[in-house]
Amino acid sequence: MDASIFAVLVQDGITTGAIYALLSLALVLVFSVTRVILLPQGEFVAFGALTLAAIQSGHAPQTALLLLALGVATLCCELVSNLRRSPGKLLGLLPKLASKYLLFPLALYLLTLNLPLQDLPMLLQIALALAIVVPMGPMVYRLAYQPLAHASILVLLIVSLGVHLAMVGLGLLMFGPEGSNTLPFTDAQWAIGEMTISAQSLIVIATVMALIVAIYFYFGRSLSGKALRATAVNRLGARLVGIGTNEAGKLAFTLSAAIGALCGILIAPFTIINYESGFLIALKGFVGAIFGGLASYPIAAAGALGVGLIESFSSFWASSFKDLIVFTVIIPVLLWRSLGSNHIDEEA
Amino acid sequence: MKNKIVLSTLAPVVVLLLVLALPFLSVPPFWITLLSYVGLYSIVALGLVMLTGVAGLISFGQAAFVGIGAYTTAYLSTQFGLSPWLGLLAGLCMTGMAALLIGAVTMRISGHYLPLSTIAWGLSLYFLFGNLDSLGRYDGIGGIPAISLFGFVFSSDRAMYVLIWSVVILALISVMNFLNSRTGRAVRALKFGHVMPEAMGVNTAWIKIVVFVYAAMLAGVSGWLYAHLQHAVNPTPFGLKYGIDYLLMVVVGGAGYVWGALLGAGLIALLGNFLQEWLPSLLGASGNYEAIVFGIALVLFLQYANEGLWPFIQARFPGQPAARAPEQAPPLAQKSKPAVGEVILEVREARKQFGGLVAVNDVSFSVKAGEIAGLIGPNGAGKSTTFHLLTGVLSITSGQVNYRGKSIAGLSSRQIASRGMARSFQHVRLVPGMSVLENAAMGAYLRGHQGGVLTSMLRLNRKEENQILFEAKRQLERVGLGELLYLPAGSLALGQQRILEIARALCSDPALLLLDEPAAGLRYQEKQALSELLKKLRAEGMAVLLVEHDMDFVMQLTDHIVVMEFGSKIAEGTPAQIQVHPAVLEAYLGGAQ
C-alpha cells in the first residue's frame, strides 16, 4: 500500500465514519430518552436516500403517500385517546391535530404530484425529502411506542423489531428491490501533493461537524434540549417538573428521524442504497454507540469514526470479509466494557 | 376441578402422541414437511424461552447457532464422510464452545448490550458462512447424507418427521426438568435482579452462561436435524432475519412459558407460509407483504397481549404446581451452631467512604448468639449502608467484620451467604410467579450440590430435590405459612411476603439473620406475629440483627440496640438505656432546652 492509497482509505473511512457517528448520536439520544433501541433508525436512512433519489429522477416519491397514511392513522389514534380522556377539549384540539397529521401530509403529497421535481434546485429537493421523511419519526413513536412507553427494554426492543420489519417491507413496496444513487453535491476536487481531496467528502464532514455542534448547543442551551436531557437522567423526576414523557419521546424520534434521513442523503452519492441497506448502516452506528456504552456522546462518535476507518481498510485488504470484520470488532469492545464496568445492580 | 386437573396433565401427552402418530395416518406430505419445520423451530424456541422468557436475556443470534450445528455436520459428513452422529457430537461441541466464548464476553454486562451484540455476532457468523471457500460460500454445501440408526436410514420425510418430533419431546422434557430444579429456580429468579439470587449464594454470572450455552446447544441440535432433513445447507436460514423470527415465535407464544415455544413456532411457521402464499395473490404485485403484516401484528400484539398467547390457554386448564413437597424426606445436613451467648458477629471500626463522603464512620458493635440486636437511627444515619457492608453488597473501605471469628470483610454476598449469614430485603425480593414453596427453597440453594444441567434434565437430582423441598415446607410451617405452600408468592399480602423472606432465609440453615426493616409497611397484627416469630427464633439460639424504624417494635423486641447518626455510632445499650440516653434524645427530638 502506498501513501496515496492510504490517504484515499483514510478519507473514505473518515467520511463514512462521520456518518456513522451522527447515527450513533441519534441512537444514544433515543435510547437515553425513551429506552428504545431504535432498530428502525436505518430505515429512516434508506427512506431519506431513496426519497431524494426518486425526486431527482422526477418520480413522485411513494413515501409521501406513506406519510399521509401514517398521518391518518396517528390522527385516528389521537382522536380515540382524546375522546376517552377529555371529550370536551377535543373540539379545541381538532384544528391543530388535523393540520399536523392530515393537512400537512396531504399538502406535501399534492406538491410531489404537481411540482417539476427533477428541475428543482438540489437544496429544495433535499428539503422536500426531509419534509416527507422527518415527520414519520414522531408518528411512528405515537403509533408504535407511546402505548408501551412504560414497558421493559425487552418489550420496546421487540416493538422496534416489528417496526423495522414493517418498514423494510414497506420500503420494498415503495422503492422496489433495486438500489439507487443520488447525484453528488459537487464534482470539485483538489490535489494536495499525491492526495486528492474531494469536495464531496468535505461537505459531508463539514455537515456532520456542524450538526454535532448544533446538537451540542441544542442540549446545552435550549429549553427543549434541556428537557430531553432531564428525561434521559430521570424520567419520573422530569415528569414531576412538567416534562411529559410522550412529548420528550416524540421530540427524540423527530431528531433521530431527521438525523437518519440526513445521513441517508449524505451517504447516497457514495454508496448505492436499496430498501434494506439502511439496517446495516445503522448497525454500524450501533457498534459506535456501544463503544460509548449507549451513554457517552463523544466516545460513541469516536467509536463510530473508528468503525468507518476499520471498514474502509478492511474493504481494501479483504473486501468480502468487510462486514464480518466490522461486526466482530464489537466482541473485544464488549470485553473491554465488561472489564471496565463495576456492575452496580439495582438499588445496591 | 379434579377432572380439569386430570385433563390438564393428560392433554399435553395426548397432543404430543397425536403429533408423533401423524405420519402413520394418511396426512398429505405438504403437512408433514411443514410440521417438520415447526418441530425444528420449536427446538430453537424452547432454548429461547428459557433464555429470554425465563432468564430475561434477549438473543437475536440463535439462528447463527443453528447454523454452526448445521454446517459442522454438513462439513464433516461431506468432506470426511463421517457419520452424522459424529457430526452431532462435533456440532454440539462447536455450538457449546462458541456460546461459552460469546457468553463469557457478553453475559457480564448489563441488559441492553446483549441483544445488540447478538445482532452483531449473528451477522458476523452469517457473513463468515457466506465467505469461506471451504463452506461453499453463499452456495453452501450439498449432498449431505441421511442419518441412520442401527441400520435404519432416516431418508424419507416421514422418518425425519418422527425423529424431529422425538427430539422436540425430549427437549421439552429436559427444559421443564431443568427449570424445575435447584439451578432452574435460580434461573427463574434472574429476571428480577441479581442481588437476591447472589444473596442466596447463586453465581448469577455463571448461571447466565450455563443457560446461554444450553439454549445454543438446543439450537445446534435443530441445525443438525435441519442439515440432514434438507441434505443441503446455505447461509440464508442462519441469518439475522431468522434470528428475529425465532424471537417473534417466543413472544407470540408466550415468552415465559415452555409450551408457548411450541405454540409460537407453530403459529409463525403456519402463518408465514400462508401469508406468503395468499397475500401476493390478494394484493396483486409480488412483494414482501408478510414482513409488513408480521411487523405490524407484532407491534399490536405487544400493545394488547404482551404476555403472549399461552397464558390464555393455560387459564382454561388449571394445572398442578410442578414442584410439590414430599410427605417425608431425610433432613439436609446442618452446620454446627454457636452456643448461646457466644459473639457471632463482630464489627470493628467499619468505614465506608463514597469519595469524600463518609457514610459509615468507624462503627463498632457486636451481636451474640441467642440475642436480637437492633440498628436504629434517623434517616440518613448510615444504617442501610452498614447493612450493605455486612451483607457484601457494598465493599468496605476500612475496618473489620468478623463472623464467628473469621473475617468476612471484602467477601461477596455469595461467599458471605455460604458462611451461614442469611438476610431479608427492605423491598421484598421474591419471584412473584413462583410458588411460596419454591421461593423458600431458593434459600436452601447452597445446601444442595446436584444441579448440573445434565442431572437436572434427567431428574437424577430427585432425592436431593425432595430434601430441599421438604426443608422449605418445614421452614414455612415453622413461620406459619404452611397453608399457603402452592400459591404464587406474588399473591401474598405484604406482611406474609416479609415472613416468606424470613422463611427463605431460614432455609439456608443460618446462625445469624440480618433483617432490613422487616416491620416496614406491616399492619399491627402482622407486626405482632413477626415479633412472636423472632422471639421464637431467639429462644432457639438464633442471632438476629435488624435495621428498623419502628421504635415500638424495636424497644419491645430487642436485647441490645446500636444507634447511629450521620454515619457514626452515638449510643449502644439495652432498650431501657437507649430510651433515656441524652445523645439519642438529641438525635431524634432535637436538643433539650
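The model is predicted: local features need pLDDT of at least 70, side-chain atom pairs count only at pLDDT 80 or more, and totals for chains, interfaces and linings use all residues. Residues are numbered from 1 along each chain as its sequence is written, and chains are lettered from A and ligands numbered from 1 in the order in which they are written.

**Chain B overall**

Chain B has 23 helices and twelve strands. Helices (H or I, at least four residues) and strands (E, at least two) are DSSP runs, numbered from the N terminus. The C-alpha atoms of chain B fill a box of roughly 90 × 55 × 50 Å along the principal axes. Of the 593 residues in chain B, 52% are buried (20 or more other C-beta atoms within 10 Å of a residue's own, with C-beta atoms placed from the backbone). Take the contacts in chain B between residues at least 6 apart in sequence: 75% of them join residues at least 24 apart. Two residues are in contact if their C-beta atoms, placed from the backbone, lie within 7 Å.

**The sheet in chain B**

An open sheet of four strands runs in the order β4-β3-β6-β7 in chain B, with antiparallel pairing. Strands pair if DSSP finds at least two bridges between them. β4 (357-368) and β7 (406-407) of chain B are the edge strands, each pairing on one side only. Strands β3 (residues 343-354) and β6 (residues 398-403) of chain B are joined by five bridges. B:E346 has B:N402 in β6(B) as its bridge partner. Helix α14 (residues 383-391) of chain B packs on the sheet and touches β3, β4 and β6 of chain B.

**Where the chains meet**

In chain B, 39 residues are in contact with 42 residues of chain A.

**A helix pair in chain A**

Helices α2 (residues 41-56) and α7 (residues 153-175) of chain A pack at about 15°, with their axes 10 Å apart. Axes are lines fitted to C-alpha atoms, for helices over the stretch in contact, and angles run from 0 to 180 degrees between N-to-C directions. α2(A) and α7(A) are therefore roughly parallel (angles under 35 degrees). From α2(A), A:E43, A:A46, A:F47 and A:L50 meet residues of α7(A), among them A:H164 and A:F175.

Technical notes
Parallel < 35°, antiparallel > 145°, perpendicular 65-115°, else oblique. Buried ≥ 20, exposed ≤ 12 C-beta atoms within 10 Å, placed from the backbone.
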